[in-house]
Amino acid sequence: MFQTYSLLANLLLLKTTSYKLVCLIGFGTVVINVQNSTSYTIPFTLKNILHQLTLLVNLFSSFVIRKAKAYFCGKTETI
(Lines give C-alpha, C1' and ligand atoms only; values in the text may rest on other atoms or scores of the structure.)
Protein backbone atom coordinates (compact mmCIF):
# COMPACT_ATOMS: atom_id res chain seq x y z
CA MET A 1 0.00 0.00 0.00
CA PHE A 2 2.85 2.43 0.74
CA GLN A 3 4.61 3.86 -2.31
CA THR A 4 7.47 5.09 -0.10
CA TYR A 5 8.12 3.97 3.47
CA SER A 6 10.53 4.75 6.31
CA LEU A 7 10.73 3.23 9.76
CA LEU A 8 10.68 5.73 12.60
CA ALA A 9 13.99 5.96 14.46
CA ASN A 10 12.06 5.89 17.75
CA LEU A 11 8.59 4.43 18.25
CA LEU A 12 5.97 7.10 18.90
CA LEU A 13 2.72 6.87 20.82
CA LEU A 14 -0.47 8.49 19.50
CA LYS A 15 -3.54 9.12 21.63
CA THR A 16 -6.77 8.34 19.75
CA THR A 17 -10.07 10.17 20.17
CA SER A 18 -11.14 7.39 22.57
CA TYR A 19 -7.99 8.10 24.64
CA LYS A 20 -6.27 4.82 23.72
CA LEU A 21 -2.55 4.87 22.99
CA VAL A 22 -1.35 3.27 19.75
CA CYS A 23 2.24 2.73 18.69
CA LEU A 24 3.43 4.32 15.43
CA ILE A 25 6.23 2.44 13.67
CA GLY A 26 6.76 4.23 10.35
CA PHE A 27 5.52 6.70 7.76
CA GLY A 28 5.35 7.07 4.02
CA THR A 29 3.43 8.06 0.91
CA VAL A 30 0.26 6.31 -0.21
CA VAL A 31 -1.31 6.76 -3.66
CA ILE A 32 -4.93 5.73 -4.07
CA ASN A 33 -7.12 6.02 -7.14
CA VAL A 34 -10.50 7.63 -6.47
CA GLN A 35 -13.42 7.91 -8.82
CA ASN A 36 -15.39 11.15 -8.85
CA SER A 37 -19.10 11.55 -9.59
CA THR A 38 -18.43 11.57 -13.36
CA SER A 39 -16.58 8.21 -13.11
CA TYR A 40 -13.22 9.88 -13.80
CA THR A 41 -10.39 8.25 -11.85
CA ILE A 42 -7.99 10.58 -10.07
CA PRO A 43 -4.68 9.48 -8.47
CA PHE A 44 -4.74 10.77 -4.92
CA THR A 45 -1.39 11.14 -3.08
CA LEU A 46 -1.33 11.18 0.72
CA LYS A 47 2.06 12.18 2.15
CA ASN A 48 3.57 11.50 5.57
CA ILE A 49 0.96 8.87 6.39
CA LEU A 50 1.72 7.30 9.77
CA HIS A 51 1.82 3.50 10.02
CA GLN A 52 0.45 1.75 13.08
CA LEU A 53 -0.55 -1.84 13.64
CA THR A 54 -3.36 -1.89 16.22
CA LEU A 55 -6.23 0.22 14.86
CA LEU A 56 -8.74 -1.48 12.57
CA VAL A 57 -9.05 1.63 10.37
CA ASN A 58 -6.30 4.13 9.57
CA LEU A 59 -7.03 7.85 9.42
CA PHE A 60 -7.19 9.77 6.16
CA SER A 61 -7.41 13.52 5.73
CA SER A 62 -11.10 14.27 5.21
CA PHE A 63 -10.23 17.80 4.02
CA VAL A 64 -8.08 16.44 1.18
CA ILE A 65 -10.68 13.82 0.25
CA ARG A 66 -13.48 16.43 0.09
CA LYS A 67 -11.23 18.83 -1.86
CA ALA A 68 -10.83 16.11 -4.54
CA LYS A 69 -14.65 15.88 -4.68
CA ALA A 70 -14.60 12.36 -3.27
CA TYR A 71 -16.23 10.99 -0.13
CA PHE A 72 -15.75 8.22 2.40
CA CYS A 73 -18.64 5.77 2.78
CA GLY A 74 -19.01 4.65 6.39
CA LYS A 75 -21.16 1.65 5.43
CA THR A 76 -18.79 0.07 2.89
CA GLU A 77 -15.55 1.68 4.15
CA THR A 78 -14.66 2.81 0.62
CA ILE A 79 -13.65 6.18 -0.75
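1. Leu-7 stands opposite Gly-26 in β2. The strands β1 and β2 pair in the antiparallel sense, with nine bridges between them; two strands are taken as paired if DSSP finds at least two bridges between them. Strands here are DSSP runs of E with at least two residues, helices are runs of H or I with at least four, and both are numbered from the N terminus.

2. The model is predicted: local features need pLDDT of at least 70, side-chain atom pairs count only at pLDDT 80 or more, and totals for chains, interfaces and linings use all residues. Residues are numbered from 1 along each chain as its sequence is written, and side-chain values use heavy atoms, with hydrogens and water left out.

3. The chain has one helix and three strands. Read from the N terminus, the order of the elements is β-β-β-α.

4. Strand β1 covers residues 2–15, and of its 14 residues one is buried, so the strand lies largely in the open. Buried stands for under 20% relative accessible area, exposed for over 50%, and partly exposed for values in between (1.4 Å probe, protein chains only). For the chain of 79 residues, the buried share is 24%.

5. The structure holds one aromatic pair. Phe-2 and Tyr-5 form this pair, which is edge-to-face, at 5.0 Å centre to centre and 65° between the planes. Rings of Phe, Tyr and Trp (its six-membered ring) pair if their centres lie within 6.5 Å; planes under 30 degrees apart count as stacked, over 60 as edge-to-face and the rest as tilted. Phe-2 is partly exposed at a relative accessible area of 29%, and Tyr-5 is also partly exposed, at 34%.

6. Two backbone angles deserve a remark. Most residues other than glycine have a negative phi. Ser-39, which is not a glycine, has a positive phi near 65°; Ser-39 sits in the loop between β2 (21–35) and β3 (41–52). Asn-48, also not a glycine, has a positive phi of about 55°. Asn-48 belongs to strand β3 and counts as exposed, because its relative accessibility is 57%.

7. Of the contacts in the chain between residues at least 6 apart in sequence, 33% join residues at least 24 apart; a contact means heavy atoms within 4.5 Å. The accessible surface of the chain is about 6400 Å², and 59% of this surface belongs to carbon and sulfur atoms. Accessible areas come from the Shrake-Rupley method with a 1.4 Å probe; for residues, only the protein chains shown count as cover.
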